[in-house]
Amino acid sequence: MDEATELKRIRWRSRRGMRELDRLFDRYLDHAWASAPTAERAVFLRMLDCEDDKLWRWSMGYEECPDVELVALLRKIAAMPA
């Protein structure tokens, strides 16, 4: 699968219907996906398998995520320009 098709597929998969999460995921896909190393891409895809309510609590700081790789990626995404 070519890169553009893969990105479209991932964008569709990242849609949550929760504006805050959609913006976070779009921010990452717009600013970092193209240059992200394979390992970081794998963490992002793993993050998409998480439940929306947990992702929201982790990204808003209401709950601590037990996965250090996800924590690092969520912090990186939060630090990106909107």
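## Phe44 and its surroundings

Phe44, a residue of helix α3, touches Ile10, Phe25, Tyr28, Leu29, Trp33 and Leu73 when residues up to four places away in sequence are not counted, where contact means heavy atoms within 4.5 Å. The model is predicted, so that local features need pLDDT of at least 70 and side-chain atom pairs count only at pLDDT 80 or more, whereas totals for chains, interfaces and linings use all residues. Residues are numbered from 1 along each chain as its sequence is written, and side-chain values use heavy atoms, with hydrogens and water left out.

With a relative accessible area of 0%, Phe44 is buried; the word buried stands for under 20% relative accessible area, exposed for over 50%, and partly exposed for what lies in between, with a 1.4 Å probe and protein chains only. One of the residues that Phe44 touches is Leu73, and the C-alpha atoms of Phe44 and Leu73 are separated by 7.4 Å although the two are 29 residues apart along the chain.

## The nonpolar core

Phe44 also stands out in the largest nonpolar core, which has 23 residues and in which Tyr28, Phe44 and Met47 touch the most other members. Such a core is a set of buried Ala, Val, Leu, Ile, Met, Phe, Trp, Tyr and Cys residues joined through side-chain atoms within 4.5 Å. Two or more residues of this core come from each of α2 (19-31), α3, α4 (52-60) and α5; helices are DSSP runs (H or I, at least four residues), numbered from the N terminus.

## How α3 meets α5

Helix α3 (residues 38-47) packs against helix α5 (residues 68-79) at an angle of about 95°, and their axes are 10 Å apart. Here the axes are lines fitted to C-alpha atoms over the stretch in contact, and angles run from 0 to 180 degrees between N-to-C directions. The two helices, α3 and α5, are therefore roughly perpendicular to each other, a description that covers angles of 65 to 115 degrees.

On the α3 side the residues are Glu40, Val43, Phe44, Arg46 and Met47, and in α5 they meet Glu69, Leu70, Leu73, Leu74, Lys76 and Ile77. By class, this contact of α3 with α5 has seven nonpolar, no polar and four charged residues, with Ala, Val, Leu, Ile, Met, Phe, Trp, Tyr, Cys and Pro counted as nonpolar, Asp, Glu, Lys and Arg as charged, and the others, Gly among them, as polar.

## Salt bridges

The structure holds twelve salt bridges, each being a side-chain nitrogen of Lys or Arg within 4 Å of a carboxyl oxygen of Asp or Glu. Glu69 of helix α5 and Arg46 of helix α3, 23 residues apart, form one of them, with their closest N and O atoms 2.5 Å apart. Both partners are partly exposed, Glu69 at 44% relative accessibility and Arg46 with a relative accessible area of 30%.

Arg11, Arg15, Asp26 and Asp30 are linked in a network of salt bridges. Arg11 pairs with Asp30, the closest N and O atoms being 2.5 Å apart, and this pair links helix α1 (residues 3-14) with helix α2 across 19 residues; Arg11 is partly exposed at 23%, whereas Asp30 is exposed at 52%. Asp26 pairs with Arg15, with a closest N and O separation of 2.9 Å. Because Asp26 lies in helix α2 and Arg15 in the loop between α1 and α2, the pair ties together parts that are eleven residues apart in sequence. Asp26 is buried at 18%, and Arg15 is partly exposed at 40%.

How values were computed: Parallel < 35°, antiparallel > 145°, perpendicular 65-115°, else oblique.
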